[in-house]
Amino acid sequence: MPKVEIHLSVTVALDWLDVNRAIALFQEMQAQVGCALATSYLEAIQDATLDEVLGPKWEDVPQSEAPWTCPQCESTAGFKRRGSRRRKLRKSSLGPIPFELRQVTCRRCHSTFAPFAGWLGLEPYQVSSSEFQAKVVETACQVSYGRSVAMVDDLARVQVSATAAHRWVQERGKSVKLDAGRADGRPLLLDATRVHAGTNPRGCNLNLGISLAGRRWVGGRAQMEIHPVCLGVDETWSETGEALAACSPGRVVYDGDPDVVQWIEKTFREVPQQRCSWHLVHELGRHLWEDGLKQAQARTWVNQVRQILYQPEYSLSQRRAALHALIQQVRDRGFTHAVHYLEGAESHLFAYREQPDGMFFDQQRQEPLAISSTSPVERQMREINRRTDVGARWQPAGVTNLLRLDLIRRFDMQQWDLLWDLPRSGHDESLTANLQVSVSVRPSPNVNTS
Ligand SMILES: [Zn+2]
């Protein structure tokens, strides 16, 4: 197989440098070497291809059919070399990469063009590599645009504006697809939060749905395998969940939010429902407060509900009966808000025991369980809030694009790599290089040159 050999010559003064200074010197050199090698390589592969197709320079040999087409007359044979034009990738992980883009002239229509720009994965006028854009966007998924470009400048020594980072997010974020089909046959967890987006000063809703593919043990801790299946900002649940409505999730898990309850009742009539048990306990106090109870009074009721849900000795039927009896007591006291709240949840609290999928397990009772709370989706919400609460007001489309990118970055690396056309590390055999180093000192110190 033909190879490109790049000969690199490094000359440094023969001064005595201690290790710290030697490291500083070669760090400086390292910064220059990468882009110099990339420049040489990009030019060498173009020249090698021209030699192969057109024959060696200055030799008039019969030409084979070219692997490119004339953009003017669509001819595929009969080209001659026509110098180069300067091309520069200003932003890359290696720093700026200037190189010559080789050109050819079509003998038939006399038009001159550069056949290799597309081969190199370059769009006309593209000045930053998509691998670099991916790095900037990866950072922007975690901290504000302003901080992300400062970090890239700091770490990669490439300056890029916050506006450019924002533009890359909007361009690529639009093509992210969250696959609703991943919810088929699996637990679907839904949650909403508020973000500072849109025209309402109080912000607007952000709806998120994830499905759980399973639970793995990593380093002694259980880790959820998560697939994001829907995300919508400033939308109703029917809009956000449009594609989900065609799926059959294994179960739907949600907190008591009335908007989501309404949509689920309408959309997933046949699907087992699980009201988040954590929320039931923690929200009950607020409803009792609406019924005029003081915190201490409310707490005794909340503790009873907690006992019913979590007391390990209770069987399922004991739990059901105890909850039913408790609701009757609450009704007798005239706590209408709390009754309404508990009744709405009652029939959907125990799906995790009634219809277990075995993702969880009750050690004490040796019984398979299913998920009983929305905590995995809420954990994602906390991440989202941390990124979006930066004091700025977002455009709904802008924050949607950013968050979709962040979700696939963390949970769908294959889509992320495809989106930026990234080489998959460890999967690409052509990503190996041989480096040989030989050193000489000139003139030899023991030779008298005077
Ligand atoms: Zn032509």
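Guide: Let's begin with a pair of strands: β4 (residues 187-195) and β7 (residues 251-254) run parallel and are joined by three bridges. Strands here are DSSP runs of E with at least two residues, helices are runs of H or I with at least four, and both are numbered from the N terminus. Two strands count as paired if DSSP finds at least two bridges between them. Before going on, please note that this is a predicted model, in which local features need pLDDT of at least 70, side-chain atom pairs count only at pLDDT 80 or more, and totals for chains, interfaces and linings use all residues. Residues are numbered from 1 along each chain as its sequence is written.

Back to the pair: P187 stands opposite R251 in β7. Strand β4 is also joined to β5 (residues 204-218), this time antiparallel, through eight bridges. There, V195 has C204 of β5 as its bridge partner.

Now step back to the whole sheet. Five strands make up an open sheet with mixed pairing, in the order β6-β5-β4-β7-β8. Its edge strands, each pairing on one side only, are β6 (221-233) and β8 (273-275). On average, neighbouring strands of this sheet are turned by 30 degrees against each other, direction ignored; the axes are lines fitted to C-alpha atoms, for helices over the stretch in contact, and angles run from 0 to 180 degrees between N-to-C directions.

Next, look at V229. Its contacts include L188, G209, I210 and L244, not counting residues up to four places away in sequence; contact means C-beta atoms, placed from the backbone, within 7 Å. V229 is also among the four residues that touch the most other members of the largest nonpolar core, which has 70 residues; the others are V136, V137 and A165. Such a core is a set of buried Ala, Val, Leu, Ile, Met, Phe, Trp, Tyr and Cys residues joined through C-beta atoms within 7 Å, and buried means that 20 or more other C-beta atoms lie within 10 Å of a residue's own. Helix α13 (residues 396-411) gives this core its largest share, six residues.

Notes:
A residue is buried if 20 or more other C-beta atoms lie within 10 Å of its own, exposed if 12 or fewer, and partly exposed in between; C-beta atoms are placed from the backbone. Two residues are in contact if their C-beta atoms, placed from the backbone, lie within 7 Å.
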